[in-house]
Each structure stands twice: as structure tokens, then as C-alpha cells.
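Here is a friendly briefing for anyone meeting this structure for the first time. Please keep the view open beside the text as you read.

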Amino acid sequence: MDHPQTPRILAPHLQAFQHKLVRMLGKVETLQGDTAVIDAGGKVDIILNRDCHLALGHAVEIIGKVDGNLHIKVQAATDFGTGIDFDAANAVVEATHRHKEIFYDD
Amino acid sequence: MSYNNYDSGYNTSYGAGGGGGGGGFVPDGSQNSPGGGRKDYSQDSLRPVTIKQILDAQPVGNGFNIDGSPITQLTFVGQIRNISSQATNITYKLDDGTGSIEVKKWVDSDAIEQDSTKTKLTEGSYCRAWGKLNSFNDRKHVGAQIIRPVEDLNEVSYHLLEATVVHLHFTRGPPSGAAATTGGNVPQQQQQQQAAGAGFVAADLAGYSSAAKRVFQHMRQAEQTNEGLHQQDIAAKLGMDPAEVARAGDDLLSGGLIYTTVDDLTWAVLEGE
């Protein structure tokens, strides 16, 4: 099975990526049942699936689809621990959009 | 089994691959007389790339180009999507968000498997791979020498930024500041060295003793073969104590400004060019 591209985005980009599959790295702020809020250049509501194991205060990288309410429906989540440099991670997002030719097709 | 076809495809480029561990013996390559058709490794490079760049690589002859430059060894970071273990290799499907590609690591039956590395390479985890791009039936894959787990996930950010920098280097040249200095200054420095060597050398030798500066300056200017100059000759020419010259030489040697040639007491200037 092939794996589609997952553009790396932050909260301000959600509007532009509605109904698209994206990848987002953020810090887990609140956890409530099957929803959570992560901070990725702004607060983002995410809807979890059964396989997600998020930890409060940890960085998490999610892959999911942006819905009409600008929430992300998570398909996969990877715990990135507590040592993540978010400035670097946000610089990556900026670089991937500025120099798209080596990252994404559309 | 399709594996046999695949194997021959792999062999054609194995000679340039090095490492890899078992599996690819190239009869022609190893029996050629020296210099007779051996691969030229002087153009080898190790380039950080995104998986999209690998998938977009342009085939040229037996190799591939990225950004118009030939590639040899590649390194990239990705998340393991699938692992399939075969008798002779393990195939990992890596995804870095920009695309996905199969990475084959040949199993070296002689080597003691590093279990700790292998057990950390699980589906969903991030790893870094080093290897060469191969293509078989228009399907690209990477023959990996090394795959290791990513321990600090900041390496993911680091890698993507590094790949961007290298991409920009190839497509736009070095950063404008550096381009101006290297491009403009190198010839200028050489002229300075020839015209007013003393001034340039003094600046270059900040932190060295005055004896070391004298010795170095003499070595730059004195006529010599490519064997350089003997410590005794330098001492005699400069009228310095041989022990002092020896100390100066030690400093210059450890600073990487000169190097020993035919013996420990014969030195030549390590030229930048």
C-alpha cells in the first residue's frame, strides 16, 4: 500500500488544508475522552482514534484529515517525547512551504 | 521467483556501492587490473535528501541526478511503514511525509546481528538510512548500508532543514554572503600571499610563537622540492637554535599548518589549495 504525502502544517494553515491529509507536530495541552487540544503555533482540536496514546505535555506528531470545522481527525499519532525544539520544528514547516519543490507536489 | 531478477539488477550497480554486506559479488570489477575500468570514487558524495527528491531523481546513464547533480550515497530520515524480512534482506518501507520508498538492507549472515538496533526498528518508529539509489523495472529502491533508529526526534527537523539547505546550495549556489567572500576573496588572498606574504601570514598565525611565525614564513618562501625542508636546514638558514625550530615545528604540525614528509624532521607547508 502506498502512503500519500502528508504536508506538515501549523494551526494557521488549517483553513488552507481543509479536507486534506496533513501532518502536524504539537504539544498536548488537554486530553478529554476521544478529543484533545494540541498547541502547534496555535490551539488545534484533534479527534483521536482508538490507537492513539497521547501524554499530556508531550510533543506528538499526528497524521490526519482536516475537517470542515478545522479539527483534525487523527489517523496516526507518534509520541515525540518532551525534548522537542518547537522553534526548529516550526522552521521546518516554514521551509517545506517555501521550498515546496523538494517536499510536496501540489 | 522475482527475487532472482531483482538480484541481477542490484549487482550491476553493486560495484560502486561498497559495504552492503554479502550478496553482491561482481566478477568483472574485482579482477580488473588497477586503473583499468575501476570506478572513480573521487566524485562520491553523501547527500541528505527528502524521499520526494529520491522519487523525482532523474536517471542519467547508470546513475541518477538530483537538482542536476549526480548522486551517489544518500541519507534520509523516515517513519517505518512496513517491514518485510526475507532470507537475504529486510525491506523497510519508509515514509517522511513527502513520499515513501522501499529500503533494502542486506542480511550479513556472518555478522552478529545487533539486536538492540533491530528491535528498535519497529513499524511507526523513525529511522535514518544511508545507501544508494537503485532502480529495477522503473521502480526505485534504496540499497542501504546502514539503517539505525532515530533516538532524538529533533533529528527529523534537523534532517529536513539540512536537505533544504543542500537543495538550495545546488540550485542557487552557496548563501550570498559566503559566495561573496569565498568567490571574491580567494584570488585576492593568493595575490596578497605573493605580493605581501608577510602581512597575510602574520594574520594567519595569530596565537603562534614568534619562532613558529618565522619558521612558517621561511617555509613558505624558501625554494624547496615537494619534500619540503629539513628542520636542520631551517635552523641553519634562520640562524635559530635547532631545539627552538623543533618546538616551533611541533606547534605548526599540531596546528595543521605544516606536515611531515619523508621523515619526522622534514616538513612541508600544508597548502589550502
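Asp95(B) is buried in this predicted model, with a relative accessible area of 2%; buried means under 20% relative accessible area, exposed over 50% and partly exposed in between (1.4 Å probe, protein chains only). Asp95(B) forms a salt bridge with Arg23(A), the closest N and O atoms being 3.5 Å apart. A salt bridge here is a side-chain nitrogen of Lys or Arg within 4 Å of a carboxyl oxygen of Asp or Glu.

**How to read the values**

- As this is a predicted model, local features need pLDDT of at least 70 and side-chain atom pairs count only at pLDDT 80 or more, while totals for chains, interfaces and linings use all residues; side-chain values use heavy atoms, with hydrogens and water left out.
- Residues are numbered from 1 along each chain as its sequence is written, and chains are lettered from A and ligands numbered from 1 in the order in which they are written.

**Salt bridges**

- The structure holds 12 salt bridges over all chains.
- The pair of Asp95(B) and Arg23(A) crosses between chains, from strand E6 of chain B to strand E1 (residues 21-32) of chain A; helices (H or I, at least four residues) and strands (E, at least two) are DSSP runs, numbered from the N terminus.
- Arg23(A) counts as buried too, at 1% relative accessibility.
- Within chain B, the side chains of Arg47(B) and Asp67(B) meet in a salt bridge at 2.8 Å, N to O.
- Arg47(B) lies in strand E1 of chain B and Asp67(B) in the loop between strand E3 (63-66) and strand E4 (69-71), so this pair ties together parts that are 20 residues apart in sequence.
- Arg47(B) is buried at 3% relative accessibility, whereas Asp67(B) is partly exposed at 28%.
- Glu151(B) and Lys120(B) also meet through their side chains in a salt bridge (3.6 Å, N to O).
- Glu151(B) sits in the loop between strand E9 (139-149) and H5 of chain B and Lys120(B) in helix H4 (residues 115-120), so the pair ties together parts that are 31 residues apart in sequence.
- Glu151(B) is exposed at 61% relative accessibility, and Lys120(B) is partly exposed at 43%.
- Salt bridges that share partners join Arg23(A), Glu61(A), Arg81(B) and Asp95(B) into one network.

**Where the chains meet**

- The contact takes 26 residues from chain B and 26 residues from chain A, with contact meaning heavy atoms within 4.5 Å.
- Chain A and chain B bury about 2100 Å² between them, 56% of it on carbon and sulfur atoms; buried area is the accessible area (1.4 Å probe) that two parts lose on being put together, summed over both.
- Two salt bridges are counted between chain B and chain A.
- On the side of chain B that touches chain A, the elements that give two or more residues are helix H3 (51-56), strand E5 (73-85), strand E6 (89-95) and helix H5 (154-172).
- H5(B) gives the most to that side, with 10 residues.

**Chain A as a whole**

- Chain A has one helix and five strands, which run β-β-β-β-β-α from the N terminus on.
- Buried residues make up 44% of the 106 residues in chain A.

**Cysteines**

- The count comes to zero disulfides over all chains, a disulfide being a pair of cysteine sulfur atoms within 2.5 Å.
- Cys52(A) is buried at 11% relative accessible area, and Cys127(B) is buried at 0%.
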